[in-house]
Structures are given as structure tokens and as C-alpha cells.
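Please go through the briefing below with the sequence and the structure side by side.

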Amino acid sequence: VQLQAFGGGVVQPGGSLRISCAASGHTSGIYAVGWFRRAPGKERELASAIIWSGDSSYSATAVKGRFIISRDHAKNTVDLQMNSLRVEDTAVYYCAAAKFVSSNWYPYLSGDSYDYWGQGTQVTVSS
């Protein structure tokens, strides 16, 4: 499985940005896809995740109500629509895919549960 993240850029506080993760290869084994982010000087954290089928999703408290994760079956992408962006959302965003199957989201909060990673895309929120 290959993952390619794209769509990052510079946006003003309060603005919106959409980033996407394109999956290719043997994607039939994917169970969940997550968007992680690493801000300067901070630990990597999960922002949002979605079941590959698109049936269920998770958003961290920090982004809930502002970020929307979705699955585009036609394009084979997982998209993250980021609204009401804040300076503290500035980070490199990585998409990752997990084969691990769980009935709850807790295991997917850790990057250790993911098998494949994209290269990251920079999101900068600045005035």
C-alpha cells in the first residue's frame, strides 16, 4: 500500500484548507486511515480517523467540530476538511493506514497501530 498526502499550504487563522490522502496498491487490507499531525516541538497526535468503508469516524477533541474526515470511494482518497483553522493547527500532517481491526477507536490513537504512512504535508496557519 502506498499513501500520498497532498493539499497542504499556508492559510490565515479562521480559514479553511482541504488535504487528501491518496491510497494505491493492495488497499483491500486497509481497515482504518488516520490523519496524524506533528507540530514543532510537540509529540505526534491523531487528529482524525475513519474506517476505510467510511461507516465510522473519529475526531480528537482539539479538532472536533472544525475538521471533517471523509472517504471518497471513487478517487480512493481520505480527505480532511479543516475549517476555522487556528495557529495551533500548524503542523506536518501525515496520513496512515492500519490493517488492525478493532471495535473501538482507542488503539487507533497510537501511531503504532498503523502499517503504512504517507510522506506528510505541511499546513501553516499564520496571519
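The side chains of Asp79 and Arg18 are joined by a polar contact of 3.4 Å, a polar contact being a pair of N or O atoms within 3.5 Å, where within protein one must be able to donate a hydrogen and the other to accept it, and where residues adjacent in sequence count only if both atoms are side-chain atoms. This is a predicted model, in which local features need pLDDT of at least 70 and side-chain atom pairs count only at pLDDT 80 or more, while totals for chains, interfaces and linings use all residues. Residues are numbered from 1 along each chain as its sequence is written, and side-chain values use heavy atoms, with hydrogens and water left out.

- Asp79 is found in strand E8, strands (E, at least two residues) and helices (H or I, at least four) being DSSP runs numbered from the N terminus.
- With a relative accessible area of 5%, Asp79 is buried; buried means under 20% relative accessible area, exposed over 50% and partly exposed in between, with a 1.4 Å probe and protein chains only.
- A second polar contact, of 3.2 Å, joins the side chain of Asp79 to that of Thr77.
- Neighbours within four places in sequence left aside, Asp79 is in contact (heavy atoms within 4.5 Å) with Arg18, Ile19, Ser20, Trp35, Ile68, Ile69, Ser70 and Asp72.

**Strand E8 and its partners**

- E8 is mostly covered, since 6 of its 6 residues are buried; Thr77, Asp79 and Gln81 point one way from the strand, whereas Val78, Leu80 and Met82 point the other way.
- E3 and E8 pair in the antiparallel sense over 6 bridges, two strands being paired if DSSP finds at least two bridges between them, and the bridge partner of Arg18 in E8 is Gln81.
- E7 and E8 also run antiparallel and are joined by 6 bridges, with Ser70 standing opposite Asp79.
- The hairpin of E7 and E8 has 4 residues between the strands, and Asn76 takes a positive phi near 60° there.

**Salt bridges**

- Side chains of opposite charge can pair when their charged atoms come close.
- The count comes to 4 salt bridges, each being a side-chain nitrogen of Lys or Arg within 4 Å of a carboxyl oxygen of Asp or Glu.
- One of them is formed by Arg18 and Asp79, whose closest N and O atoms are 3.4 Å apart; Arg18 lies in strand E3 (residues 17-24) and Asp79 in strand E8 (residues 77-82), so the pair ties together parts that are 61 residues apart in sequence.
- Arg18 counts as partly exposed at 42% relative accessibility, whereas Asp79 counts as buried at 5%.
- Asp89 and Arg37 meet in a salt bridge of 2.9 Å, N to O, which links Asp89 in the loop between E8 and strand E9 (91-98) to Arg37 in strand E4 (residues 32-38), 52 residues apart.
- Arg66 and Asp89 meet in another salt bridge, of 2.7 Å, N to O, and Arg66 counts as buried at 7% relative accessibility.
- Asp89 counts as buried at 1% relative accessibility and Arg37 counts as buried at 6%.
- Arg37, Glu45, Arg66 and Asp89 are linked in a network of salt bridges.

**Nonpolar cores**

- The largest nonpolar core has 28 residues, and those with the most contacts inside it are Trp35, Leu80, Met82 and Tyr93; such a core is a set of buried Ala, Val, Leu, Ile, Met, Phe, Trp, Tyr and Cys residues joined through side-chain atoms within 4.5 Å.
- Residues up to four places away in sequence not counted, Met82 touches Gly15, Ser16, Leu17, Ile19, Arg66, Phe67, Tyr93 and Val123.

**Aromatic pairs**

- The count comes to 8 aromatic pairs, rings of Phe, Tyr and Trp (its six-membered ring) being paired if their centres lie within 6.5 Å, with planes under 30 degrees apart counted as stacked, over 60 as edge-to-face and the rest as tilted.
- Tyr58 and Trp105 form a tilted pair, 6.0 Å centre to centre with 35° between the planes.
- Tyr58 counts as partly exposed at 23% relative accessibility, whereas Trp105 is buried, with a relative accessible area of 17%.
- Ring pairs link Tyr31, Phe36, Tyr58, Phe100, Trp105, Tyr108, Tyr114 and Trp117 into a cluster.
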